[in-house]
Amino acid sequence: MKLLASLLTAAALAAPALPAFAAGETPAKADLVKGQASYEAVCAACHGADGNSTIVVNPKLAQQHPEYLRKQLHDFKSDKRADPVMKGFASMLSEEEMNNITAWLAKQPAKTGFATDKELVVLGERIYRGGVPDRKIAACVSCHSPNGAGIPGQYPRLSGQHADYTIKQLNTFRDGSRANNLQMKDVAAKLNDREIKAVADYIAGLR
């Protein structure tokens with residue numbers, strides 16, 4: 001993206017370094033039954049039984065593009081995306097298990113979220129849809145689509161992601177502690193705290 005990368009929840013949120021699949025397509029040889037079983041054993045406690053996390057600092061993963069999720073798991077595993085907790089979980093997973101889990105998550109319907117600040121959401125919508133031209137901040141819509149669905153194989157789904165999670169990710173992009181997407185790092189560096197909060201609140205209610 002040129003403004004927000006996945007959330008996320010989820011994300012949110014980076015161009016994959018792995019082979020892309022068409023929208024809604026299950027990765028080759030993915031076993032959804034095994035994917036659900038692995039997800040329930042490893043991921044559900046933090047990300048919800050169906051991928052719709054109820055913990056606002058943990059991203060919603062339901063309906064996220066599988067190629068994006070696989071990239072993030074590989075980045076956690078290799079420390080390209082620093083997170084000691086997620087590194088531990090990602091390191092437990094084989095390539096087959098990653099394929100199965102992410103394919104299963106892609107099939108789970110994402111629950112909608114809600115914006116909470118009427119004043120901020122207006123600013124958030126303006127940035128998401130139009131960017132901030134005088135500061136060369138591109139519109140989020142150009143990469144994450146008008147309804148936040150993202151672009152499979154390129155940019156993650158953001159729609160309905162927890163605002164708290166999106167705020168955290170934008171802050172880590174801005175301060176450099178998340179460095180697995182230089183495009184997002186450059187964009188986040190131009191946003192102030194109020195703008196980050198506004199965009200995150202707007203995304204939470206996007207559908």
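Q: Why is helix 10 called largely enclosed by the rest of the structure?
A: The model is a predicted one. Nine of the twelve residues of helix 10 are buried, so the rest of the structure largely encloses this helix. Buried means under 20% relative accessible area. The buried residues are Glu195, Ile196, Ala198, Val199, Ala200, Asp201, Tyr202, Ile203 and Ala204.

Q: What do the buried residues of helix 10 pack against?
A: They pack against helix 6 (118–130) and helix 8 (163–175).

Q: How do you know that the span of helix 10 is close to the expected one?
A: Helix 10 covers residues 193–204 and reaches 17 Å from its first C-alpha to its last. At 1.5 Å a residue, 16 Å is expected. The two values are close.

Q: How do you know that the buried residues of helix 6 line one face?
A: Helix 6 has 13 residues. Among these, Leu120, Val121, Leu123, Gly124, Ile127 and Tyr128 are buried. Seen down the helix axis, the buried residues fall within an arc of 160 degrees, so they line one face of helix 6. On the other side, Lys118, Glu119 and Arg126 are exposed. The buried residues pack against helix 7 (141–144) and helix 10.

Q: What caps the N-terminal end of helix 6?
A: Aspartate 117 does. One of its side-chain oxygens lies 3.1 Å from the backbone nitrogen of glutamate 119. The limit for a polar contact is 3.5 Å.

Q: Which residue just after helix 6 takes a positive phi?
A: Glycine 131 does, with a phi of about 70 degrees.

Q: Why is glutamate 125 called partly exposed?
A: Glutamate 125 has a relative accessibility of 36%, so it counts as partly exposed. That class lies between the 20% and 50% cut-offs. The residue sits in helix 6. Leaving aside neighbours within four places in sequence, glutamate 125 is in contact with Gly130 and Tyr202. Tyr202 is one of the buried residues of helix 10.

Q: What makes lysine 136 stand out in its backbone, and is its side buried or exposed?
A: Lysine 136 has a phi near 55 degrees, a positive value in a residue other than glycine. Most residues other than glycine have a negative phi. Lysine 136 is in the loop between helix 6 and helix 7. With a relative accessible area of 71%, lysine 136 is exposed. The cut-off for exposed is over 50%.

Q: Why is serine 145 called buried?
A: Its relative accessible area is 13%, so serine 145 counts as buried. The cut-off is under 20%. Serine 145 lies in the loop between helix 7 and helix 8. Its phi is positive, near 75 degrees, in a residue other than glycine.

Q: What makes glutamine 108 buried?
A: A relative accessible area of 16% does, since buried means under 20%. Glutamine 108 is in the loop between helix 5 (95–106) and helix 6. Not counting residues up to four places away in sequence, glutamine 108 touches Asp50, Ala62 and Gln63.

Q: How do you know that the structure holds zero disulfides, and where does that leave cysteine 43?
A: The count of disulfides is zero. For cysteine 43, the nearest cysteine sulfur is that of cysteine 46, 8.7 Å away.

Conventions: Residues are numbered from 1 along each chain as its sequence is written. This is a predicted model: local features need pLDDT of at least 70, side-chain atom pairs count only at pLDDT 80 or more; totals for chains, interfaces and linings use all residues. Side-chain values use heavy atoms; hydrogens and water are left out. Helices (H or I, at least four residues) and strands (E, at least two) are DSSP runs, numbered from the N terminus. The expected span of a helix is 1.5 Å times one less than its number of residues. Buried means under 20% relative accessible area, exposed over 50%, partly exposed in between (1.4 Å probe, protein chains only). Contact means heavy atoms within 4.5 Å. The arc is that of the directions from the helix axis to the C-beta atoms. A polar contact is a pair of N or O atoms within 3.5 Å; within protein, one must be able to donate a hydrogen and the other to accept it, and residues adjacent in sequence count only if both atoms are side-chain atoms. A disulfide is a pair of cysteine sulfur atoms within 2.5 Å.
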